[in-house]
Every structure is written in structure tokens, then in C-alpha cells.
Amino acid sequence: MDVLINLAHGFSIALEPMNLLWCFIGVFLGTIVGLLPGLGPSATVALLLPLATQMSPTSGIIMLAGIYYGAKYGGSTTAILLNVPGESASVVTCLDGFEMARKGRAGPALGIAAIASFVAGTIGVLLLMLVAPPVAEFALRFGPPEYFALMALGLSMVVLLAGRSMIKALLSMLVGLWLATIGIDLFTDGDRFTFNRIELVDGVHFVVAAIGLFAIGEVLANLRPADGAQQFKVPKGLRNLLPNWQDLKDCRFAFLNGSLVGFFIGVLPGAGSTIASFVSYGLEKAVSRRREQFGTGVIEGVAAPEAANNSETGGALVPLLTLGIPGSATTAILLAAFILWGMRPGPLLIQDHPDIFWGLVASMYIGNVMLLVFNLPLVPLFAQILRLPAHILYSGILGISIVGVYSVDQRLFDVWLVAGFGLLGYLMRRLEYPAAPLLLGLVLGELMENAVRQSLMMSNGDVSILYSRPLAATMLLFTAAILVGPMFRQFNTWRLRAAEQEA
Amino acid sequence: MWKTLDKSELVTALLLVALGTYIVAAAWEWPYMTADGPGPGFFPLWIGILLVVLSALLIALQVAEAFGGKPVARTGWTGTRPALLGWGALVVAAALLEPAGFVASYLLLSTVLLRVIFRRSWTSTAVVGVISTAGFWGLFVKLLEVRLPAGPWGF
């Protein structure tokens, strides 16, 4: 009952005209930022931090959080339409989203991304409101061995991202893990695999690799003289540009799966929305009746990662608001904002500053509705991009790619790097090496190495620490099941084939 | 056997063996274990070893298939020329990005794509090139204030 009274109080604050305006500005800016590859929510939140600190803390945090979750709505648009992931968590959306666009279903893909984002964003806020303190305490039980197990679970998703050859998928993942080791080793301060290039000291930026492998690789694979016709089919009529009832029915489990996976992974500091999107995609594929069709344009393959990506926001705010621990770059900037307002988020925030906590929670409900109302009508408009003839579309994608990677750090080196990854992406496509496992390795590599090294430091080199704690052991069992499952299926196929031949 | 072997696949796997060997050799130079725990060589060493083992396994499987005399689906390389041409144009545009600015380098890139690869008319090439370059400049530089390199002529 207290929750409802508090929420009603939160709505009375969030519905004040100025707070509504700041919420709208936040989600609007967030959507725009999400659309542009390279420009992430953390940079935008940082840019608007000085403005936000001039405002009341409640209005300021409503606007900054609006940018944070608004950016996640926008990130899927370029992934679906152009195979350009606007942010790291949108990589998985490319797999089925772009294939849907190829088949003339860009509209339903964009629509389901917006609906999944709305549903999961709302569930994420609901969970933030109801279970924040106990879940935050649970997250604190995650030490390095549990993180290692979580990363192993994430990497096991390679099984589900593999194409025809599992060995090729594993090799692709190992190259990604190697790329993740490039740069300064945080434990010893020495540099590794930097080839005496100062630009590599910070490592390989994920956005650069993703844009090169996916967007430029795709463009290069499609460069051929064309008659000026449009490359993709875009059906006419609003009804065909939005998801139908069957699409929504197909995605009902994906909404729930993405919402829960996204929230609980979001609560863990450092895990982030990228791993949440990979895990929810893997889970969706594992339980699907048409798992062999994943990667060819299945609508659940868009709904699950998009839901996870958005629900993660609610999860990521849990450790920030209840413990004062930021789990990502964006939440670290939000923490800085609280400190500039003279507050310290922690266990007493909800009690001492109910206006801020409940005002923020209520504004996130409102912001999610605003985003749905704002994004769904734009779906048919965005889908028209695919009506462009190939020569305009592909030169435009190369232009966006250059601007996207250059805007990350204003470094020419990143443009060279994206060209290199583009060629690699093209060759991988030709040789049938899947690119998604490489990106999975690149994202999880650093976190996994840190977790292994910290765990073995804790145990003085005794590896049993990695599997002896109950939480870690449970996750490793899941990992083993995911890895061994396909082998059993393969064995069963062989067994049935042999039995048929004998009969 | 040599005839049925997919050479592109073999060369790729050999390159991966070479990469794995390089990673192992580099990691060998760094401490594997320190007094505090695993050193900087620990993780890359295992990555390198696994790369070598798995690529060697891939080679073995390819050779076994070729020995089996089964018709192997070969890697197709048709359409490589325009892809490499497009990639070359991208590399040249990257090289010109700072000395000539974004506008000139993107204009050059779109001209090569439209005129040489897609074989559009000069008029179409010029119209699309100018409009898209102006669009990028207006949206990113003017509206969103993204800092892109400017050439000697100020844009």
C-alpha cells in the first residue's frame, strides 16, 4: 500500500508541467542520440550535466534519465534499417532486424522494437520500484568468481550465434577476445599488442569494430552495378508497416524474457545492456520452436534483445540509487550529478529524498509512454529510408559510418580502423565466419579477464574458486548445458538416422 | 586431394594459425603468474593456444573432407572487384579526411561509388554527391555540432 501512496506522490511531482517538459526534452534528445552511431548516451548526459545542475535535482535527474532510456529506443533504428548498430547493445538487433528489413518487414521490426522497449522499460521501472533494495543486496554477493561465471554464460551464447560451422564461430570469438586484450593492462600498467601506436593504448572501441564488421562489410558485399532500383521492398499501407496481432503473439515470451534478463543483468555493476541483449537473444533462441530460423529475420529475435536493452535501464538504476554504486559510464555521470546537487545516493536516498526517487520512477513510466507515442508514428517514416536506391543508400551508410566513428574520439586512426574492420567483415562474410561472436568476445573479453585474474588473486592461484561458490556453480552449470545441448541434439540426429538406416 | 580442397578456406585457417602463434609468442614475453596472481601473459596465452588448436582442427577437417573426395562447396569470389574498389575509395577518403576535410573526401568517395561502381550518369553523380554531402554537413556539423575535420577552404 505504501508503494502505491509513494507512487501517487511521484506522479504528482512528475506531472508538474516543467517536469513533463524536461522529461520530454530528455527522451527526445535520447532518441536522436540513439539514432546516431558513435554518439552514446554517456556523452550526451555528460554534455547536459552543467545544465542539469542548474535545475532542481528532481527535474535534472528526470531529464538525464530520459536521455539514458530514450537513447535505447533510438539505437535499434539504424541497426534494423542499415545494419549500423547505433550502440553496442544494438548489435544483436542487427542479426534478425536487418534480415527482416531485407524481406520487406522493416516496419514491423521497428514497431516491435518500440513496443518491446515500452513493455520492458515499464516492467524494468516496476521492478525498480518493488524490489530495488533486496535485489541490490543480492547483487553485492557477486564477486569476481560470479562475474567470471556470468561472462562464461555470456560467451556460451556463441553456440547460438554460430552459423554452419561451430569451429568458425569459436575462432571468431577468440579473435574478439584477443582484440579485447589490446591496450593497457590495468593490473600491471604495461601495454599489450599496441604495436607502438598511442591510439591503441585505450584498446579497440566496440563501436568502431561493430560499424566496420556489420555496416561496411554489408555495403562492400553489395557493391555491384545496379539499375537504380531500390534495394529493399517496402510494402505500402500503414497496416503493413506495423506489427500485426500474430507478431505480438509470437513475441509475448520475448517481452517477458527480455524484461527479466535485462533487469537482473542491469543490476550487476559492469555487466551492461550488451551482455543482457546477447543473453536474452540466446535464451529466446534456445526455447523457440523455430530456433533454426533465428538470424534469418525472426521477429522474436528483435523483440528479446530490444526488451533486455531497455529493461536494463531500470536494473542499472538499482545499485546507483540504493547503494550509490554506478555500474556503467552513464550511471557514473548520474552519480556525479547527485554529488553536484549535494546528495549521496545510498540506502537512505529513498527515505531522505522521496521526491527524487518517486518522481524519477513516475517520470520513467510517463517517459516510456512518451517514447512509444513519439516512436510508433515515426516507424512508417523511417521505413521509407529503404525506398532509396542502392547507390544512394550505400554511399549514405559509408558517410554515416565515417561520421559515427570519427565523432567517438575525433581520431583519424578510428576511421582507418573502421576501414580495416570493414574489409575483415567482408572477408568473413565471404568465408562464412560469423561476425557476431567476434563482437561478443570483444565486449566480454576485458570483463572476463579481470574476473579470472581477480578470482585467482583471491584464492592464491587455486582454480576451484571459479566453480566452488553456489551462485558461480549454478551459472557454470547453465553454461555447460548450453554448450553441451547442441552436441546431444546432433547425437540424437545421428542416432535416429542410424536407426532409420537399420530399419 | 589438392583439387577438391578449398584454398581460400585453407589460407584463412593458416593465417589464423599464424595469428595464434604470434599471440602465444607475444604472451610468452609477459609474466604468466606473478606474486599477486595471474600476470598479463595469462589470458592472451590461452587465447593464442586455443586459436592455434582450433584452426589446426579446421585444417584437419578440410583435408579429411578433401581426402574423402566429397564435392566441397567452394568460397565464391565473384563481385570482389567492386568491393575492393569501394574499399579502396574508402581508404583514400580516410587518407584525405584531415588534409582535405570531410566535405571533399566524402564527395570523392560518393563520386567513385556512384560513377565507377554503380555506373550512374555524371549528372546523377553530381546531384546525389552534392546533396548528400550538404546533408551530412548541415545535420552533423551545423545542427548537432559534431566536430568533423575541415579542409583548407574552411569546410
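Two residues are in contact if their C-beta atoms, placed from the backbone, lie within 7 Å. This is a predicted model, in which local features need pLDDT of at least 70 and side-chain atom pairs count only at pLDDT 80 or more, while totals for chains, interfaces and linings use all residues. Residues are numbered from 1 along each chain as its sequence is written, and chains are lettered from A and ligands numbered from 1 in the order in which they are written.

**View 1. Chain A as a whole.** Chain A contains 23 helices and two strands; helices (H or I, at least four residues) and strands (E, at least two) are DSSP runs, numbered from the N terminus. Its radius of gyration is 22 Å, close to the 23 Å that the globule rule gives for 503 residues, so chain A is as compact as a globular protein of that length. The radius of gyration is taken over C-alpha atoms, and the globule rule is 2.2 Å times the number of residues to the power 0.38. Along the principal axes, the C-alpha atoms of chain A fill a box of roughly 70 × 60 × 60 Å. Of the contacts in chain A between residues at least 6 apart in sequence, 80% join residues at least 24 apart. Buried residues make up 57% of the 503 residues of chain A. A residue is buried if 20 or more other C-beta atoms lie within 10 Å of its own, exposed if 12 or fewer, and partly exposed in between, with C-beta atoms placed from the backbone.

**View 2. Chain B and its two domains.** Four helices and two strands form the secondary structure of chain B, and their pattern along the sequence is α-β-β-α-α-α. The domain assignment gives domain 1 (7–67) and domain 2 (80–143) of chain B; such bounds come from an automatic or database domain assignment. The centres of domain 1 and domain 2 of chain B, taken over C-alpha atoms, are separated by 39 Å. Chain B has a radius of gyration of 24 Å, whereas a compact globule of 155 residues would have one near 15 Å. Its C-alpha atoms fill a box of roughly 55 × 55 × 20 Å, taken along the principal axes. Of the 155 residues of chain B, 31% are counted as buried. Among contacts in chain B between residues at least 6 apart in sequence, 55% link residues at least 24 apart.

**View 3. The contact between chain A and chain B.** Chain A contributes 47 residues to the contact and chain B contributes 50 residues. On the side of chain A that touches chain B, the elements giving two or more residues are helix H9 (166–181), helix H10 (206–221), helix H19 (390–409), helix H20 (412–431) and helix H21 (436–458). H19(A) gives the most to this side, with twelve residues. The residues on this side of chain A comprise 30 nonpolar, eleven polar and six charged. Here Ala, Val, Leu, Ile, Met, Phe, Trp, Tyr, Cys and Pro count as nonpolar, Asp, Glu, Lys and Arg as charged, and the others, Gly among them, as polar.

View 4. H19(A) has 20 residues and reaches 30 Å from its first C-alpha to its last, close to the 28 Å expected at 1.5 Å a residue; the expected span is 1.5 Å times one less than the number of residues. The helix is mostly covered, with 16 of its 20 residues buried. Just after H19(A), Gln410(A) takes a positive phi of about 55°. Gln410(A) is found in the loop between H19 and H20 of chain A and counts as exposed, with 11 C-beta neighbours inside 10 Å. Most residues other than glycine have a negative phi.

**View 5. The loop around Phe195(A).** Phe195(A) is not a glycine, yet has a positive phi of about 50°. Its place is in the loop between strand E2 (191–192) and H10 of chain A. Phe195(A) has 8 C-beta neighbours inside 10 Å and therefore counts as exposed.

**View 6. The largest nonpolar core.** The largest nonpolar core has 199 residues, and those with the most contacts inside it are Ala116(A), Leu439(A) and Leu440(A). Such a core is a set of buried Ala, Val, Leu, Ile, Met, Phe, Trp, Tyr and Cys residues joined through C-beta atoms within 7 Å. Helix H6 (residues 106–139) of chain A gives the most to this core, with 18 residues. Ala116(A) touches residues including Cys251(A), Phe255(A) and Ala303(A), residues up to four places away in sequence not being counted.
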